Amino acid sequence: MPDTTTTTTTTDAAFLADVVAGLSTTPKTLPCKYFYDERGSALFDQITELDAYYPTRTEAAIMAAHVEAMAEAVGPRAALVEYGSGSSEKTRRLLAALPDLAAYVPIDISGDYLQAQAERLRQRFPETLILPVAADFTAPFALPALPPDTARRVVYFPGSTIGNFAPGPAVRLLRQMADVAGPSSDGRGGGLLIGADLVKDRDVLVRAYDDPEGVTAAFNLNLLARINRDLGGTFDLDAFRHEARWNEEDARIEMHLVSERAQTVHVGTTQAGGGTFRFAAGESIHTENSHKYTLDGFARLAGRAGWTRRRVWTDPAGSFSVQYFEATAPLN
């Protein structure tokens with residue numbers, strides 16, 4: 001799950017097109033970016049506080065223990081460009097350790113939410129130049145004009161959001177980050193400070209994405225509720241159940257919504273581009289992936305996108321990592 005609580009904004013036409021396309025494939029899928037309506041964001045906040053869900057608190061502990069070293073890696077007069085900024089407390093901790101920052105550039109898809117968070121940060125860090133950019137960071141976007149004395153640009157991507165991307169799209173996103181970071185005036189190259197979840201015991205992973213309290217199940221099912229509300233869908237939420245699966249071959253947790261019986265669901269109207277979808281008993285909708293990495297494996301993945309790793313910080317159990325890279329040349 002992305003480590004963010006930002007409410008996703010989109011047009012109903014785009015939402016409908018994505019839902020119809022996903023439900024028309026075999027196996028059926030739905031894009032995880034639509035999890036985050038108001039209720040979905042509130043449910044995710046609850047997930048991050050669960051005993052079973054380790055990533056958020058583990059990364060926060062790593063940040064608390066090593067934030068000064070991370071700030072040293074970022075360096076003076078850097079522009080910190082955060083992808084999917086949300087309202088993370090980890091960002092506030094990093095900003096507090098970077099008093100000589102040239103600028104902080106938070107990027108988020110939800111413009112109103114982004115502006116509100118930027119204003120709160122301005123009150124907390126009045127000496128920091130904060131330049132929010134409302135954009136989908138998976139697509140090309142333009143950086144704002146930065147101060148002329150900016151020494152380098154460092155992309156910040158906390159949480160385990162990179163794990164939501166399959167290897168190919170992950171490399172493309174990391175290459176785009178390398179383009180955004182670009183060269184630097186100090187000869188070090190642009191930087192990347194990124195969170196990456198690590199492979200661990202299967203039972204720990206499955207429990208983190210299928211908690212005993214049922215909050216993740218409610219979070220997953222809320223996607224169907226959103227389709228019903230916003231697109232005129234006819235999903236019976238009681239006829240689907242949440243399931244988290246560990247895919248050993250691809251080293252990822254998969255989230256599914258499994259049909260409890262044979263049924264037919266309508267989404268939208270035919271005139272508006274909607275459709276009718278039939279489900280067999282036991283058929284699932286694949287809603288999200290969360291890839292887990294070894295340290296060497298993630299370094300190789302980032303290397304394909306033009307990054308060389310310089311530092312790694314983990315918790316004592318080695319369950320999560322924050323890694324620092326500098327831009328080099330991508331591997332073919």
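Which residue in strand 3 is the bridge partner of valine 81? In the predicted model, that partner is valine 105. The pairing of strand 2 with strand 3 is parallel and extends over five bridges. On strand 4, isoleucine 107 has valine 133 as its bridge partner; strands 3 and 4 also run parallel, joined by two bridges.

These strands belong to an open sheet of seven strands, ordered 4-3-2-5-6-13-12 and mixed in its pairing. Strand 6 (residues 191–197) and strand 13 (residues 320–327) are antiparallel and are connected by seven bridges. Within strand 13, serine 321 is the bridge partner of alanine 196.

Strand 3 (residues 103–108) has six of its six residues buried, that is, under 20% relative accessible area, and it is therefore largely enclosed by the rest of the structure.

Helix 6 (residues 167–181) lies across strand 2 (78–83), strand 5 (152–157), strand 6 and strand 12, and runs at about 150° to strand 5. Helix 5, together with strand 3 and strand 4, makes a right-handed β-α-β unit.

Helix 5 (residues 111–124) also packs with helix 4 (residues 89–96) at an angle of about 35°, the axes being 12 Å apart. The crossing of helix 4 with helix 5 is right-handed. Helix 4 contributes Arg92, Leu95 and Ala96 to the contact, and helix 5 contributes Gln117, Arg120, Leu121 and Arg124. By class, three of the contact residues are nonpolar, one is polar and three are charged.

A further open sheet consists of four strands in the order 1-11-8-7, again with mixed pairing. Its edges are formed by strand 1 (28–29) and strand 7 (240–247), each with a single partner strand, so one side of each is left without a neighbour in the sheet. Strand 8 (residues 252–259) pairs with strand 11 (residues 284–291) in the antiparallel sense over seven bridges, and methionine 255 stands opposite glutamate 288 of strand 11. Helix 8 (residues 215–231) lies across strand 7, strand 8 and strand 11, at about 60° to strand 8.

Notes:
Residues numbered from 1 in each chain as written. Predicted model: local features only at pLDDT ≥ 70, side-chain atom pairs only at ≥ 80, totals over all residues. Heavy atoms only, no water. Axes fitted to C-alpha atoms, helices over the stretch in contact; angles between N-to-C directions. Left-handed = near helix turned anticlockwise from the far one by under 90°. Contact = heavy atoms within 4.5 Å. Nonpolar A, V, L, I, M, F, W, Y, C, P; charged D, E, K, R; others polar. Pairing = 2+ DSSP bridges. Buried < 20%, exposed > 50% of the residue type's maximum accessible area, 1.4 Å probe, protein only. Right-handed = clockwise from strand over helix to strand, strands pointing away.
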